[in-house]
Amino acid sequence: MVQARDVRGGVHFHGVGRHGANGDTPRPRQLPGDIRGFVNRTSELERLNAILTGDGGEPLVVSICVIAGMAGAGKTSLALRWAHQAQSHFPDGQLYVNLRGYDPGAPVTAPEVLHRFLPALGVSGAAVPADPEASAALYRSLLAGRRMLIVLDNAASVSQVRPLLPGTAGCLVLVTSRSRLSGLAVRDGAHRLTLGTLAEPEAVALLRTVTAGYRPEDDAEKLAELARLCARLPLALRIAAERAASRPLMSLDELIRDLRDESALWEALTVGDDEEADAVRTVFAWSYRALPAEAARFFRLLGLHPGPEFEVSAAAALAGVGHSRAQHLLDVLVGAHLLTQTAPDRFEFHDLLRAYAIDQAQHEEPVETREAARLRALTWYLHAADAARTRVSPAEPPVPLDALPDGVTPPAFADYDEAMRWYELEHGNLLAAARTAADAGLDVIAWQLPALLRPLHARHNAFEEWFAMGHIGLSAARRAGDRAGEARLLESLGMACRQSHRPAEAARYHEGALAVRRELGDRLGEALSLNALGLVHVRTRRLEAAKQRFTEALALFRELGASEWEPTLLANIATVGYEAGRLEEASRAVHEALTTLRERGDKGGEGNALRILSAVQREQGAIRDALESAGSAVEIARRHRNHVWEGYWLLDLGQAEVADGRPEDALVSYQRASVLHRQLGDRSREARAWNAAGEAYGRLGRFEEAAAFHRRAAAAHRELDDHWQLALALDGLASALRGSGGSGAEEEARRHWEEASCTLAAYDDARAVELRSRIDDALGASQP
């Protein structure tokens, strides 16, 4: 096997692409559809063309372009029209996001965007780093050497944009904003194109384009007057043109008179006092008041939806109407240009129109009606989350929910994949729903929703939403005085911290959950918290503390008759015994667990116990038994098509193969483990596979390759702040360097051994003491 360069600066096995096992490079095509009836802006399109590369792939004239202009000026339309025309210049694909910088709700943050962009670039959702800086660094690495177009629509601030800028030439970032974003020009060399209102001939041309085929040809002077009433802004012009097209027998004089009357009667929103803003809002009101009463009510209630985009079922629940009726009303609003359809079942507001809908709801709907609509929408999301959670993690303890209000029918999911697809589409709305519930004083929903979503967050390493919703839920549970809910949210935050490699914080949250459960007399919950704390202690190699927690939890489970948990705790105790070097203790515990698991037919538990048993057998010198145990575990994983199990258990199979004198076979196991852990997003276990591969290469006498794998493993464990695994990787690196005998290798090896020895001083278990002693002997032997 031969290693190849990894995009993040390390190595990977031959045949394993940087984005997955097959080596394919994704070419995302995320641009929304081109704008129907786009006209004019010829000079602006030419200015954008001037920044392109030539056919020979010469560097871009600039790498960032900001299209700035007032609301409704057509910035997005221009950006999308040009982006579609220029696709051939960006053969590696296009990324697009609406940053919603001016939406009435919360803007999209750069970390949230990275959680969307990285999967589009081939990184599994679970593999996206939790740390924003690490996510941004990975994003820049994946863009290096590519020619891609990144469209960042509706940015309000430089902070939304800067983490999304590529680090190398070749890509173009196209930003639209109402702000000038001067910081991008000063620091990043951005080119700015300022978009004003349309010239009168262009405005008239737009009106003619939208109405063509629907009306007799209208008088140019009257069209010019209509354009002036719309302040010659494309958004207002399109809405006015759609209304004119829908009334082919109404004269333009009558339409203009209606619009003038609306302008005189309508009180402008307090968004600004400029003439253009007033004209846009006047056109909104004019179009809105022309809607049938039912459609107008539907429009203003949609303004109460937690997020700016939604599916038909959510809109139906919000308005309290049937699915087919909601579909019809959505079609009416799309036809009036008051909503945009983004997919067969999804719709979204322009931010100005959403603000207008909210204002109309506040003025025209009684408080009781608004609250009932909001409750229906939030309850729909709550029960939908419960349905998804049931498919994704059916063993998860249920959360008792209130009955559904009339007119609310949550979705049903056929299987795991369908539930996860729904979560991927709705995760932004789910966070908005939790915030809305908390702001509305609906604290029960505000804590139940995050509690239900924990296993879905965990599948994707969706730490941004997981932590945000966890804190919202924790505060809500405390306000509601729901101590059991508080414990559940503390436990969720603890799991998020452990999964994102923040063990100290994880321990604090789990200690908090433990205290609450003890206060409530929740003995089963207490045992679960003790087990969770034990797992955190194993991760930080506080082995005696871990054993104490596991032993306490086991005693509680036995006292409660919760026998289903007993083999899990025995396996955890066996893990501690093995890590501490107490092999007989580990063997007794794992054999006891294995017997029970086999009796129950618990194949997952059996495979994990076999993994532990293999490690014990290997160190006891029973190599053939170790191979058989690890091989059986991997076979269980493959039979169940469970990549989490397979990736982890392959590490022990590889170690048994090395012990059996078959390092080439071990490299096959480590390669597969590395690929699976990369796909699953487990950076710690991926690095362990790299380190193990380094040991296998060392056994083959291929010391340069061994050093490369150990070096990459050490860098990852250092970044994860895992001192024990770092010490193991540094020891392997030093051994490989000494074996290579290259110039300066002995001195470098000595530095790594010295660091490893200092790191190991923090541990007092037998295995750590033995490893440090061996390293100190190596250091002594290297003295001149």
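Modeller: One definition comes first: exposed means over 50% relative accessible area, buried under 20%, and partly exposed in between, using a 1.4 Å probe and protein chains only. By that rule, cysteine 758 is exposed, because its relative accessible area is 61%. Cysteine 497 is buried, because its value is 0%. The structure holds 0 disulfides, counting pairs of cysteine sulfur atoms within 2.5 Å.

Two notes on the model. This is a predicted model, where local features need pLDDT of at least 70 and side-chain atom pairs pLDDT 80 or more, while totals for chains, interfaces and linings use all residues. Residues are numbered from 1 along each chain as its sequence is written, and side-chain values use heavy atoms, with hydrogens and water left out.

My part is helix 19. Helices here are DSSP runs of H or I with at least four residues, strands are E runs of at least two, and both are numbered from the N terminus. Helix 19 covers residues 463-480, which makes 18 residues. From first C-alpha to last, helix 19 reaches 25 Å. That is close to the 26 Å expected at 1.5 Å a residue. The expected span is 1.5 Å times one less than the number of residues.

Now look at which residues are hidden. Buried in helix 19 are Phe463, Glu465, Trp466, Phe467, Met469, Gly470, Ile472, Gly473, Leu474, Ala476 and Ala477. What covers them? The cover includes helix 3 (110-120), helix 17 (416-439), helix 18 (443-460) and helix 20 (483-499).

Zoom in on glycine 473, which is found in helix 19. Glycine 473 counts as buried because its relative accessible area is 0%. Its contacts (heavy atoms within 4.5 Å) are Ala446, Trp447, Pro450 and Leu489, not counting residues up to four places away in sequence. A distance gives some scale. The C-alpha atoms of glycine 473 and leucine 99 are separated by 25 Å, and the two residues are 374 residues apart along the chain.

What comes after the helix? Glycine 481 follows helix 19, and its phi is positive, near 70 degrees.

Helix 29 runs over residues 663-680 and has 18 residues. Its reach is 25 Å from first C-alpha to last, close to the expected 26 Å. Buried residues in helix 29 include Leu667, Tyr670, Val675, Leu676 and Arg678. Helix 28 (643-659) and helix 30 (683-699) are among the parts that cover the buried residues of helix 29. Just after helix 29 comes glycine 681, with a positive phi of about 85 degrees.

Helix 30 also holds tyrosine 697. Tyrosine 697 is buried, because its relative accessible area is 0%. Serine 393 lies 304 residues from tyrosine 697 along the chain, and their C-alpha atoms are separated by 40 Å.

Back to phi for a moment. Most residues other than glycine have a negative phi. Leucine 181 has a positive one, near 50 degrees. Leucine 181 sits in the loop between strand 6 (172-177) and helix 6 (182-188). Leucine 181 counts as buried because its relative accessible area is 4%. Alanine 231 is not a glycine either, yet its phi is positive, about 55 degrees. Its place is the loop between helix 8 (220-229) and helix 9 (234-246). Alanine 231 is buried too, because its relative accessibility is 12%.

Another loop holds tryptophan 565, between helix 23 (543-560) and helix 24 (566-579). Tryptophan 565 is partly exposed, because its relative accessible area is 28%. Leaving aside neighbours within four places in sequence, tryptophan 565 is in contact with Leu528 and Phe557.

A cavity is a set of points on a 1 Å grid, over the protein atoms alone, where a 1.4 Å probe fits but cannot get out. The structure holds 4 cavities of 30 Å³ or more. About 90 Å³ of space lies in the largest cavity. Lining residues have an atom within 4 Å of a point. Those of the largest cavity include Phe38, Arg41, Gly74, Leu198, Pro234 and Arg238.

Note on methods: On a 1 Å grid over the protein atoms alone, a cavity is a set of points where a 1.4 Å probe fits but cannot get out, and a pocket is an open set with protein on both sides within 12 Å along at least five of seven lines; lining residues have an atom within 4 Å of a point. Grid points are joined across faces, edges and corners, and a volume is the space filled by probe spheres set on the points.
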